[in-house]
Amino acid sequence: LASLPQGALVTFDVVGVLFWPKDQIFIHNEKKEYKQYIATLKKKYSNVKANKLISIILKERQVTLVDDNMPSLINSLQARGVKTVALTSGYTGSFGKIKKREDLRIKTLKKLGIDFSSSFPDKQEFTLTEESRSRATDAVSIFKQGVLFASRNDKGQILKLFLEQFS
């Protein structure tokens, strides 16, 4: 990274690379139990009520940096003119009590001292393409403040669409 020229692009994954959930239920190895818990909520309550409960859990979850040096690494890359972006599989749009899931993810990163918005200041937010709409939801893959949101679509394809926007 120290030898990258100005204008180069570095892409960081988010969960597991930049931050990690503090609560074990959100860790990948425990995903099966988490999904069972969600299914139980949806059986017990209506989808609307279950989604509100799940959104409260998501809004309140705590995360920690995977490496305490990541914010300064990213800042030093940006200071040298290296473009940095994040690529997350996370959804966009509203969910329960969350108005915009993308804003929650950006806020979480900023609380950790990570801000990608300076890499493409003239492109703060745009939808990649309507074809990027997630099959499971109405969530669309977008670029916002330096973060690519794949909305559970193939991250490689989303990155390709993003790169095509700038060629």
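The model is predicted, so local features need pLDDT of at least 70, side-chain atom pairs count only at pLDDT 80 or more, and totals for chains, interfaces and linings use all residues. Residues are numbered from 1 along each chain as its sequence is written, and side-chain values use heavy atoms, with hydrogens and water left out. The chain has 167 residues, of which 39% count as buried. Buried means under 20% relative accessible area, exposed means over 50%, and partly exposed lies in between (1.4 Å probe, protein chains only).

**Overall layout**

- The chain contains 5 helices and 7 strands. Both are DSSP runs numbered from the N terminus: helices are H or I with at least four residues, and strands are E with at least two.
- Along the sequence, the elements come in the pattern β-β-α-α-β-α-β-α-β-β-β-α.

- Helix α1 covers residues 31-44, and its 14 residues should span 20 Å at 1.5 Å a residue; the end C-alpha atoms are 20 Å apart, which agrees. The expected span is 1.5 Å times one less than the number of residues.
- Tyr34, Ile38 and Leu41 are the buried residues of α1. They cover an arc of only 60° around the axis, so they sit on the same side of α1. The arc is that of the directions from the helix axis to the C-beta atoms.
- The face of α1 turned away from the buried side carries the exposed residues Lys32, Lys35, Lys43 and Lys44.
- Helix α2 covers residues 47-60, and its 14 residues should also span 20 Å at 1.5 Å a residue; its end C-alpha atoms are 20 Å apart, in agreement.
- The buried residues in α2 are Ala50, Asn51, Ile54 and Ser55. These buried residues fall within an arc of 135° seen down the axis of α2, so they line one face of the helix.

**Salt bridges**

- Side chains of opposite charge can pair when their charged atoms come close.
- The structure holds 2 salt bridges. In a salt bridge, a side-chain nitrogen of Lys or Arg lies within 4 Å of a carboxyl oxygen of Asp or Glu.
- Lys155 is in helix α5 and Asp13 is in strand β1 (residues 9-13), so the pair ties together parts that are 142 residues apart in sequence.
- Lys155 counts as partly exposed because its relative accessibility is 26%. Asp13 is partly exposed too, with a relative accessible area of 30%.
- Lys144 forms a salt bridge with Asp103, and the closest N and O atoms are 2.5 Å apart. Lys144 lies in strand β6 (residues 142-144) and Asp103 in helix α4 (residues 101-111), so this pair ties together parts that are 41 residues apart in sequence.
- Lys144 counts as buried at 6% relative accessibility, whereas Asp103 counts as partly exposed at 32%.

- Thr92 lies in the loop between β4 (83-88) and α4. Thr92 is buried, with a relative accessible area of 5%.
- Ser151 lies in the loop between β7 (147-149) and α5 (155-165). Ser151 is buried, with a relative accessible area of 0%.
- A polar atom of the Ser151 side chain lies 3.4 Å from the backbone nitrogen of Thr92. A polar atom of the Ser151 side chain also lies 3.1 Å from the backbone oxygen of Val140.
- The side chain of Thr92 reaches the backbone oxygen of Val140 at 2.7 Å.
- A polar contact is a pair of N or O atoms within 3.5 Å; within protein, one must be able to donate a hydrogen and the other to accept it, and residues adjacent in sequence count only if both atoms are side-chain atoms.

**Positive phi values**

- Most residues other than glycine have a negative phi.
- Ser151 has a positive phi, near 50°.
- Gln145 has a positive phi near 50°, and its place is in the loop between β6 and β7.

**Surface patch**

- Val15, Trp20 and Val66 form a nonpolar patch on the surface, with about 230 Å² of accessible area together. Accessible areas come from the Shrake-Rupley method with a 1.4 Å probe, and for residues only the protein chains shown count as cover.
- Patches are made of residues with over 30% relative accessible area and no salt bridge; like charges are joined within 9 Å, and nonpolar side chains (Val, Leu, Ile, Met, Phe, Trp, Tyr) within 5 Å.
- Trp20 is in strand β2 (residues 19-21). Trp20 counts as partly exposed because its relative accessibility is 32%.
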